[in-house]
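Hi everyone, thanks for making time today. Let me put the structure up, and then we can walk through a few places in it together.

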Amino acid sequence: MKRTGLPLPEAALTSVLHLYARMGNAAAADRFVEGFLTSPATEDQRHFHIQAHLKATPKDLLPTSALDLLHSYEGQNIPAPIATYTSVISTLFHLPSSIARGQAWDLFSHMRYVAHPDPSVDLYTVMISACAYPLKSSLSSEPEKALDLWTEMTVDHKLMPTVATYNAVILACARDGTKEFVSEAFRLARQMLDSHRDAHGQSAYRPDRKTFCALLEGAKRIGDLGRVRWILAEMTKSQEGLEEVNAPADSGVNEEVMMHVFNAYAAFKPPFIRAKTVVLDSPIAKARNPEATQAQASPSASSESKESPTSDLVPDDNPSPRFSHIPPQTHSEVLGEVKFLFQSIRDSQGQPDSKFRAVKITPRLITAYLSVFYNHSSLRASSEIFRSIFEEVDVPKTARAYVEALERCANARKTRDSGSERDYALSFAAELWRDWVLLEANGKHPGSEKRLEARTIERANAAMIRVLTLNNDLDRAMDFVRAFAAKYPPESVRRPPPKPLLRSTRTILGGASRPLVRMTGMTEVPDDYVPPVLLFKDLEVLHHRLVAYGRVKDIAYIKWLTKAYEWALRVRRDESTKFVPRAEVEVSVPAAVTA
């Protein structure tokens, strides 16, 4: 058609670019646009052209070519459609990089300044979802920002939210972990169901699994086990044939749901602790409350009161697997319910009619299950479960499983288990450490190519040092500190990585290949490449023991090392603000920095 001089149909050109976008062939898309488009590209053509670059970029790299092409179209005064911005911003948020997430917020503000001042519902949903995972590691969520965007969308622009939008704002409020915003999350869920009903009582929105997972996030963070059990019961109703008019859609119980449930059991604090119970037969109790003593004078009550109190963390031999209408009242009842749930999950594997048929036994589910024993059982019982559970379900042990087990050993109490818990913690930690050394030397998560995070290495080493300190093995604890300092010296922390060109803050009004307006400052984007460090909070217990034993030289070394790491972090932050951006820098997924 080009040789004969006939005009090429726009639909045909768009279809070819759509094909290149699905294939992720950016080079072919560039050649096609340059060779066949004689007029400015249409909205769909611009969208597919950028999508081809977006899909051609590896998942562990920042899509710089797609961003450059996006800004190039802006320079030609033909900005890409808002769906393209939504796709690019969503891709940036899904990258495990702080630079990528900061760039997503900057691109959002830049888009409203140069291209589309009024975002769409889909883009609002993406930005509200991002508020649940803020840039600053000190924040678990940014509910105020999420609610501002929600109000701007629903009140100012009068846009109708979708189920995904409701899920996003509910999750952002729930992850904050405070009662105020968790209550706001449940209020929004009620508004979702009750404020949009027709004459027949049917709601315009039906909650799905993400809705329940968002509510579980909030309930578990405040230790509200009653709500967690209610949500789990609601999710299993549809699988029991008890559907209602407004029954949830696609709300089957899966592995993520049960992970939240186990975390809620781990965070729950039973109201009744047997070790703190006052026996009414004692003279002191009779003198304080004679009426209660007379009320307990029945034979059954008197026989129960004569039983000797047991430890608050030692479960009964045969805990009842039945679920009552009230949450468990003791640690034993908590363990009984969790064991029953986990056994039900194991029995449901391969059973198409079971409530838990969609629950896959994964490493993070096992880790959540073990966390219940760490908080409600003795260390000895927890260690036995740790040794056997992974082989029983044929699941590999993860780095997180080792770190949480070491941290449980580091929190061993002096009075538990007849005063022998810390001694047992030392032997169990030594067993864990033998496997951890090999894992840290490999530098990768077991069974994957993902690099081991620096913060994970910090937690493991700090926990092992604390275990040795609590057992008064100060010589070995100091050996661990010196070995850590030799492997990750403070000097390696001082030099920051090169800054990519897209993070430059120099103002350019014409031909810019980066956002003109930013929402994130230079110091607000965290550094993902900081090597492992030991700060004073990690060695505070060791420092106190050294002071008690008068070991002056070791005290001076601890002070020097922690201050060296702190000063290196400060120098790294200052140097990062002075770095000249470089165009050839590629931003990849952060990995642990080894010596």
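Let's start at histidine 543, which, apart from neighbours within four places in sequence, is in contact with Phe536, Ile555, Ile558 and Lys559; contact here means heavy atoms within 4.5 Å. Histidine 543 sits in helix 25, residues 536-549. Helices are DSSP runs of H or I with at least four residues, strands are runs of E with at least two, and both are numbered from the N terminus. Is histidine 543 buried or exposed? Histidine 543 counts as buried, because its relative accessibility is 12%; buried is under 20% relative accessible area, exposed is over 50%, and partly exposed lies in between, using a 1.4 Å probe and protein chains only.

A quick word on what you are looking at: this is a predicted model, where local features need pLDDT of at least 70, side-chain atom pairs count only at pLDDT 80 or more, and totals for chains, interfaces and linings use all residues. Residues are numbered from 1 along each chain as its sequence is written, and side-chain values use heavy atoms, with hydrogens and water left out.

How confident is the predictor? pLDDT is its confidence in each residue, from 0 to 100. The mean for the protein is 86, with 84% of residues at 70 or more. Please be careful with residues 295-312, though, where pLDDT is below 50 and the stretch has 12 contacts in the model beyond near neighbours in sequence. Residues 314-319 also stay under 50, with eight contacts beyond four places in sequence.

Now please look at helix 5, residues 82-93. Its 12 residues reach 16 Å from first C-alpha to last, close to the 16 Å expected at 1.5 Å a residue; that expected span is 1.5 Å times one less than the number of residues. Its buried residues include Tyr85, Ile89 and Phe93. Which helices do the buried residues of helix 5 pack against? They pack against helix 3 (43-56), helix 4 (64-75), helix 6 (98-114) and helix 7 (121-130).

Last stop, the cysteines. A disulfide is a covalent bond between the sulfur atoms of two cysteines, counted here when the pair of sulfurs is within 2.5 Å. Searching the whole structure turns up zero disulfides. For cysteine 131, the nearest cysteine sulfur belongs to cysteine 173 and is 9.6 Å away. Cysteine 131 is buried, at 0% relative accessible area, and cysteine 213 is buried too, at 5%.

Terms used
pLDDT = per-residue confidence, 0-100.
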